Amino acid sequence: MALKDTLLRIFTWWSGSTVSLDLYTKRHGSHVGTDEFGNRYYRANGPLIDPSVGPERRWVIYNGEADASKVPPGWRGWLSHTVDVAPSEETYVPREWQKPHEENLTGTVAAYRPRGSQLSWGQRPAATGDYVPWTPGE
């Protein structure tokens, strides 16, 4: 591992797991599962640190950059204690009308830009004529 990678693991949290998170996970966590994006999910071993946190402490270690939109809906429900059973512990089959998970593309080239947006391609549509601007003195 290069010096740059080591320093990133020590001082940054957005580019993967930090050294302290890895130590905490090895000491207090048990692996629950991995999703299709390579994110790893854990739950705390032993008694609760604080009862106000919830029934148990749960966390995710992202594969790559930390972005909450990379968490699929099933795992999101488990992390937020909406469901008690992790997707890796049940045999869930998605319905035919459910779309596959996509991460949030805002701020990227592939972001959704509707017609009329200043960032969209092509010509902006003409005004419909129902807008009358205010002018001073009227």
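Hi everyone, let me start with the rings: Tyr24, Tyr42 and Trp59 are linked into a cluster by ring pairs. Please keep in mind throughout that this is a predicted model.

How many aromatic pairs does a search of the whole structure find? The count is 4. As a reminder, a pair of aromatic rings is described by the distance of the centres and the angle of the planes. For Tyr42 and Trp59, the centres are 6.1 Å apart and the planes sit at 20 degrees, so this pair is stacked; the cut-off for stacking is under 30 degrees. Tyr42 belongs to strand 2, residues 40-44, and Trp59 to strand 3, residues 58-61, so their pairing ties together parts 17 residues apart in sequence. Are these two residues buried or exposed? Both Tyr42 and Trp59 are buried.

Now compare another pair, Trp75 and Trp78. Their ring centres are 5.7 Å apart with the planes at 85 degrees, so we call this one edge-to-face. Both residues lie in helix 3, residues 73-79, and because they are 3 residues apart there, about one helical turn separates them. Trp75 has 5% relative accessibility, so it counts as buried, and Trp78, at 0%, counts as buried too.

Let's go back to the strands. Strand 2 and strand 3 run antiparallel and are joined by 4 bridges. Across from Arg43 we find Arg58 in strand 3. Looking along strand 3, Arg58 and Val60 point one way, while Trp59 and Ile61 point the other way, and all of them are buried.

On to strand 1, residues 29-34, which runs antiparallel to strand 2 and is joined to strand 2 by 5 bridges. Which residue of strand 2 is the bridge partner of Thr34? That would be Arg40. Strands 1 and 2 form a hairpin, with 5 residues between them. In the turn, Gly38 has a positive phi of about 90 degrees.

The largest pocket holds about 470 Å³ of space. Its lining consists of 15 residues, and those closest to the centre are Pro72, Pro73, Gly74, Tyr92 and Pro94. And how does the lining divide by residue type? There are 9 nonpolar residues, 3 polar and 3 charged.

Definitions and conventions
Residues numbered from 1 in each chain as written. Predicted model: local features only at pLDDT ≥ 70, side-chain atom pairs only at ≥ 80, totals over all residues. Heavy atoms only, no water. Phe/Tyr/Trp six-rings, centres within 6.5 Å; stacked < 30°, edge-to-face > 60°. Helix = DSSP H or I, 4+ residues; strand = E, 2+ residues; numbered from the N terminus. Buried < 20%, exposed > 50% of the residue type's maximum accessible area, 1.4 Å probe, protein only. 1 Å grid on protein atoms, 1.4 Å probe; cavity = no way out; pocket = protein on both sides within 12 Å on 5 of 7 lines; lining within 4 Å. Points joined across faces, edges and corners; volume = space filled by probe spheres on them. Nonpolar A, V, L, I, M, F, W, Y, C, P; charged D, E, K, R; others polar. Pairing = 2+ DSSP bridges.
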